[in-house]
Amino acid sequence: MKIAVIGAGAMGSLYGGYLSKAGQDVCLIDVWQEHVDRINREGLAIEEASGDIKVYPKAVCHAREVGTADLAIVFVKSIMTQKAMEANLDLIGPETAVLSLQNGYGNVEEIARFVERERIIAGTTAHGATMLQPGRIRHAGIGATHIGAVSGEGGTDVAAVAQVLRHAGFETEVSGNVMKLVWDKLMINVGINALTAILKVPNGRLLEHEEARMLMEAAVEEAVRVANAAGMDLDREETIRRVMSVAGRTGENRSSMLQDITNGRRTEIDTINGAIIREGKKHGIHTPVNMVLTNLIRIMEKSQ
Ligand code: PAF
């Protein structure tokens, strides 16, 4: 299968790397020339707990060098989805399926401005990865991948995409309720990302402090209320337990938001805790903890 990965940050490189190792025809697309050059020259190094591996996907800076893909996996930051789709329309043909495994709320709507909903697959990943240097990432947390068709039946063959992911070593489940997947993952990012970026700690360290656990819980509790007002049926206790469990399982990982803050990049705060504030307002739900976390991150972004 010809697979284009739009956005070769840590997660895009991880998925693209393992898919190419499994024999798929993978091309990573990223504006970061140094990363692209290093991958083409020396391969992509993935640091695993069991040792380093080297994989050899192609890498380019421009979609026009790729041709039409069978599957495009969008892995850019959620704040860049629209721009990335515009810049990569060359690789999307009438049959191309588009899979988003991004963090944040609103990606499906952005992608649907460019591709029919029947060809969009959305999902979540519980893997964690860190960009170490051009051409080198660390695989810092292992978890399941959940995907589902955005338009329900009659569209892209989601089972076939799931099979390709499984063959590459990603434990993958197909779900019939994509929006639940998106909200479920959002809960994890709401609880972990801003706090780890503010405290500058890896995910697992949040669990060591009662105060941090209380803040995680409070942010997630607000988000659960918003999700349920938006038509979900999330259980407060179960959701909080799940967020804590992901923080533990990805304990060594520096969250994507911490990596962004550390590297002076804009974060996904607006599509994570910021989305909770926005969606909360629509339903008349106050979200003071998410408001504090969002504003602290915005100040940090402006101060760098
Ligand atoms: O954004 C992230 O870093 C990841 O979604 C997660 C699961 C929080 C692991 O670090």
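Is phenylalanine 75 buried or exposed? At 11% relative accessibility, phenylalanine 75 counts as buried, since buried means under 20% relative accessible area, exposed over 50%, and partly exposed in between (1.4 Å probe, protein chains only).

Before we go on, a word on the model: it is predicted, so local features need pLDDT of at least 70 and side-chain atom pairs count only at pLDDT 80 or more, while totals for chains, interfaces and linings use all residues. Residues are numbered from 1 along each chain as its sequence is written, and side-chain values use heavy atoms, with hydrogens and water left out.

Now to the rings. The structure holds four aromatic pairs; rings of Phe, Tyr and Trp (its six-membered ring) pair if their centres lie within 6.5 Å, and planes under 30 degrees apart count as stacked, over 60 as edge-to-face and the rest as tilted. In one of them, tyrosine 15 and phenylalanine 75 have ring centres 5.3 Å apart and planes at 45°, so this pair is tilted. Tyrosine 15 sits in helix α1 (residues 10–21) and phenylalanine 75 in the loop between β6 (69–74) and α3 (81–87), 60 residues apart. Helices (H or I, at least four residues) and strands (E, at least two) are DSSP runs, numbered from the N terminus.

Tyrosine 15 is buried too, because its relative accessibility is 0%. With phenylalanine 170, its ring centres are 3.9 Å apart and the planes lie at 5°, so that pair is stacked. Finally, Tyr15, Tyr18, Phe75 and Phe170 form one aromatic cluster.
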